[in-house]
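Please examine the structure shown below. The paragraphs that follow lead through its ligand site, a strand and its partners, a helix pair and several backbone features.

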Amino acid sequence: MRMIDKLFSYFFEAPSRKVATKFGANRVVSISSGVNHLSLPTHLRELLHREIDTGTYLSSYTSPLGHDLVRSCIAVYENRLANMEVFNLENIAITLGSTEGIFLAFLFLVTQKEKTSVLTLGPQYPLIFDLLERAGFRNIQECINDSGNRFLPSSEEVVSQIATLNPDVLFISVPNNPTGEQYSIEDFTRIVDAAINNRCYIVIDQISTDLSFHPRQEFINYIEPLAKMEIDRIIRIDSLSKKRGFSGARFGYVMSSDELTSFIREYNYRHILCPVMFGIDMVSVDIFYRSYLWLKSKYSDWDNEKSYNILIDSIEDMYGSKFNCVADCFTESANISSYQTELNSNVKILFDNEQFFRSKIGSEVAVTDWKAGFNFMAKLPYGSFDQYQFAIDLFETAGLRSFPEACFVLNEGKNIHSDQAGIWTRISVAEPSTIFEDAISRLDIFLRKTRI
Ligand SMILES: Cc1ncc(COP(=O)(O)O)c(C=O)c1O
């Protein structure tokens with residue numbers, strides 16, 4: 001049994017009751033949840049309320065690829081990022097979170113393209129390995145940097161591993177979860193070039209990517225180098241789960257060739273699956289605002305009204321008709337600026353939490369080079385290198401759940417950076433500061449005691 005599964009059952013099954021009794025159920029929290037617990041911008045919440053009040057979508061089903069309005073907004077946004085017309089409606093499929101999208105992408109590659117080998121870059125969100133195995137990949141290799149505080153392999157290392165292992169598929173998530181590291185555009189371009197030369201497919205998971213809403217948050221537009229590849233060799237996966245803390249609604253999507261979307265259409269028919277019909281306006285507006293803000297950041301001669309109209313026209317062209325239901329929400333420029341301000345405050349909370357962590361736990365504690373997303377890793381001083389024991393000890397002594405390094409790798413016995421000096425652990429910063437600070441203060445007391 002993998003460490004992640006053992007810890008899950010320990011945290012959420014019988015022993016957790018004892019810990020809940022000791023600390024009080026709502027004081028047992030996770031320092032490694034990986035979830036975004038910050039609030040949705042007000043305007044997006046209002047749209048959700050309106051959707052419930054009017055029952056616009058809730059009482060309906062949609063076609064197997066999902067609602068056309070949201071797919072049109074996605075296609076327009078992605079084309080703007082690519083700075084060319086790459087996607088149309090037939091290239092976008094709405095999925096149950098990104099998890100279903102990732103699984104169907106893997107299944108497509110195995111069953112339709114007869115691909116069997118994959119190279120994953122950096123540590124991973126643990127389900128990735130399960131999804132690869134369930135889809136039928138027989139040769140799964142991971143490439144992890146083994147030096148000091150870096151986990152994401154350098155582009156040189158990736159290029160050399162591609163040449164040596166000759167994988168059919170590269171899997172990459174940007175920014176990396178759990179480390180928050182991400183490639184510069186130059187390094188990423190080098191990896192894409194190697195993939196093109198070796199005829200690899202790239203599956204790229206961008207669920208924690210967001211435009212930059214704060215000066216310290218780095219948005220890298222990976223789509224430009226990817227746009228050099230043939231569309232059927234790139235599978236891009238995204239979701240609203242993390243960037244907008246909307247995981248429960250399971251709003252994910254896949255962008256790729258129409259061959260893959262046809263496969264998803266067939267799969268959904270066969271399994272009687274209907275994509276989500278909740279949050280359509282909210283997600284469409286969120287994506288529309290991002291398109292608007294992206295264009296505004298790119299062009300110094302930006303004209304609000306003219307550019308707004310160009311975007312609306314592109315969405316209507318894609319959608320195939322006028323859309324009245326959300327048009328009024330698109331028009332309010334005050335909504336866009338409050339959306340921007342509220343997302344900026346959310347990102348500020350992430351950085352304030354990181355600062356609190358550093359000041360409390362000590363600046364000598366090593367951390368990963370966190371560039372974006374909602375997590376980084378920190379090497380927490382502990383008198384043993386038994387990662388499982390560390391997580392159990394922290395849970396029972398301080399009421400804190402944590403996921404150490406071994407949870408994020410395929411080969412738990414190898415590629416390990418943790419040692420006698422400390423256990424690398426995911427720290428999730430998308431928490432309201434009061435909860436985060438209380439948890440980190442308890443972690444600090446725990447670490448002090450174990451150091452004595
Ligand atoms: C990198 C990454 N990919 C995919 C997922 C799955 O997200 P969802 O299915 O909710 O979109 C997660 C969830 O934590 C993740 O961190």
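In this predicted model, the ligand is surrounded by 13 residues, and the closest of them are Gly97, Ser98, Thr99, Ser239 and Ser241. By class, the shell around the ligand consists of ten polar residues, two nonpolar residues and one charged residue. The element that gives the most to this shell is helix H5, residues 97–111, with three residues.

Ser239, one of the closest residues to the ligand, also belongs to strand E7, which spans residues 234–239. This strand is mostly covered, since six of its six residues are buried. Its side chains divide between two directions: Ile234, Arg236 and Asp238 point one way, while Ile235, Ile237 and Ser239 point the other way, and all are buried.

Strand E7 has pairing partners to consider as well. With strand E6, residues 201–205, E7 runs parallel, and four bridges join the two. Within this pairing, isoleucine 202 stands opposite isoleucine 234 of E7. With strand E8, residues 251–255, E7 runs antiparallel, again joined by four bridges. Here arginine 236 is placed opposite methionine 255 in E8.

The next feature is a helix pair. The axes of H14 (residues 333–361) and H16 (residues 433–451) come within 10 Å of each other and cross at roughly 20 degrees. Angles under 35 degrees count as roughly parallel, and H14 and H16 are therefore roughly parallel to each other. The crossing in which H14 passes H16 is right-handed.

The backbone deserves attention too. Most residues other than glycine have a negative phi, and most peptide bonds are trans. Against that background, the peptide bond from valine 174 to proline 175 is cis, with omega near -15 degrees. The peptide bond from asparagine 177 to proline 178 is also cis, with omega near 25 degrees. Proline 175 lies in the loop between strand E5 (169–173) and helix H8 (185–197), and proline 178 is likewise found in the loop between E5 and H8.

Positive phi values occur at asparagine 83, where phi is near 60 degrees, and at isoleucine 272, where phi is near 50 degrees. Asparagine 83 sits in the loop between helix H4 (68–82) and strand E2 (92–96). Because it has 12 C-beta neighbours inside 10 Å, asparagine 83 counts as exposed. Isoleucine 272 sits in the loop between helix H10 (258–270) and helix H11 (280–298). With 7 C-beta neighbours inside 10 Å, isoleucine 272 therefore also counts as exposed.

Technical notes. Residues are numbered from 1 along each chain as its sequence is written. This is a predicted model: local features need pLDDT of at least 70, side-chain atom pairs count only at pLDDT 80 or more; totals for chains, interfaces and linings use all residues. A residue is near a molecule or strand if its C-beta atom, placed from the backbone, lies within 6 Å of it. Ala, Val, Leu, Ile, Met, Phe, Trp, Tyr, Cys and Pro count as nonpolar, Asp, Glu, Lys and Arg as charged, and the others, Gly among them, as polar. A residue is buried if 20 or more other C-beta atoms lie within 10 Å of its own, exposed if 12 or fewer, and partly exposed in between; C-beta atoms are placed from the backbone. Two strands pair if DSSP finds at least two bridges between them. Axes are lines fitted to C-alpha atoms, for helices over the stretch in contact, and angles run from 0 to 180 degrees between N-to-C directions. Angles under 35 degrees count as roughly parallel, over 145 as roughly antiparallel, 65 to 115 as roughly perpendicular and the rest as oblique. A crossing is left-handed if the near helix is turned anticlockwise from the far one by less than a right angle, and right-handed if clockwise.
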